[in-house]
Amino acid sequence: MCVQNKNASGRIAWIDNFRGICAFCVLLAHCGHCPILYWQLYTPFFLTGFFFLSGYCYKIRAPKDAFVKIFKSLIVPYFFFAFVINLGRSNVLPILSGDFNPISSLLIDFISGIKLWFIPCLIVVQIYFIILTNIKFVRRNVKYIFPVISIICMLAMFVIRTEQNISRFEYQPFPWYCDTAFFALGFFVLGYLAKINNWDRFLLTGRNAFMALLFYCLFVAFFHKVSDVEFHFITNYYSSLPFFLFVSLLGIYVMASVCNQFKSKYIQMLGSNTLLLFAINWHIFILLTKYCKFDNLLGIIPDYVWSLAVSAVQAAIILVISVPINKYIPWVIGKTK
């Protein structure tokens, strides 16, 4: 039987470990020189894993309390990082000369939920979930209805993707990514189901967890080698949606099992500051590559090492920044003291 390991603050360690690894994969995805093998291995689970974990940690509240929670934990940070932090010279100074186009463009992107896609998407996912849990029939039969809802959300992408047939290069997101949010809801609901059904007891332990990780890596790498199974969650692009669903669910299970086998304060801290990471990782990356000249190392060390190194340095900087924010202004990242 798998026992939940908790860290000193009482948080469940495997959840922060898993969230931290997913966050590190975000840094890899944005570094611009991530080897294709890394990309193939982490893309099945690192975004769907976030939604799964969000559902796992979600607490059902009265509608008013639930919306207040969304406002404080997601909408306020979204406003701060997607709008306030982008009010730079390029947006404000043109106003002095009567040019309101830059600030208007920023405001439109903010209102339509285009900025920082994950936060608006998660907001919509939680709104969907609140609506579901306030339907009496659903609330009274959660353990029976939620599996059906999760399957419907996932299978609906077959219809949406087939009818629209949009290439990932031509994709135009719906306001607040409400289409992607519908798919993500399937993983969110699955996470909530995992919690209420004590899913932890079915996680693999010891050597079995790491053997499963090896199998997952070999399986994913093999199918990418022999078939076109490319996918991009954010743009609803899936050359093989059945493959994506299978490896995504497998990846979530395997990574959760592995994350319950170790303790890493670095990874856990990263996992408890994911919203800040989503908001500022690109700014830190620009700092490292443009001003600290990390790109100069590309000709010296291979991409396999460079991508990990630059992501690790980004993560360390973000954790340093998180200390004063968590202490003095936690509300900007949706936390309370």
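Which helix holds I127? I127 sits in helix α7, residues 118–133. Helices here are DSSP runs of H or I with at least four residues, and strands are runs of E with at least two, numbered from the N terminus.

The model is predicted: local features need pLDDT of at least 70, side-chain atom pairs count only at pLDDT 80 or more, and totals for chains, interfaces and linings use all residues. Residues are numbered from 1 along each chain as its sequence is written, and side-chain values use heavy atoms, with hydrogens and water left out.

**View 1. A nonpolar patch on the surface includes I127.** The patch consists of F67, I127, I131, I135 and F137. Together they have about 460 Å² of accessible area, computed by the Shrake-Rupley method with a 1.4 Å probe, where only the protein chains shown count as cover for residues. Patch residues have over 30% relative accessible area and no salt bridge; like charges are joined within 9 Å, and nonpolar side chains (Val, Leu, Ile, Met, Phe, Trp, Tyr) within 5 Å. I127 has a relative accessible area of 30%, so it is partly exposed. Buried means under 20%, exposed over 50%, and partly exposed in between (1.4 Å probe, protein chains only).

**View 2. F83 and F110 form a tilted aromatic pair.** The structure holds 45 aromatic pairs. In this one, the ring centres are 5.4 Å apart and the planes meet at 40°. Rings of Phe, Tyr and Trp (its six-membered ring) pair if their centres lie within 6.5 Å; planes under 30 degrees apart are stacked, over 60 edge-to-face, and the rest tilted. F83 lies in the loop between α4 (63–82) and α5 (89–96). F110 lies in helix α6 (residues 101–111), and the two are 27 residues apart. F83 is buried at 14% relative accessibility, and F110 is buried at 15%.

**View 3. R19 and D16 form a salt bridge.** The structure holds one salt bridge. Here the closest N and O atoms are 3.3 Å apart. A salt bridge needs a side-chain nitrogen of Lys or Arg within 4 Å of a carboxyl oxygen of Asp or Glu. Both residues lie in helix α1 (residues 13–30), three residues apart, about one turn of the helix. Both R19 and D16 are buried.

**View 4. P77 is buried in helix α4.** Its relative accessibility is 0%. Leaving aside neighbours within four places in sequence, P77 contacts several residues, including L275, W331 and G334. Contact means heavy atoms within 4.5 Å. The C-alpha atoms of P77 and G113 are separated by 13 Å, and the two residues are 36 apart along the chain.
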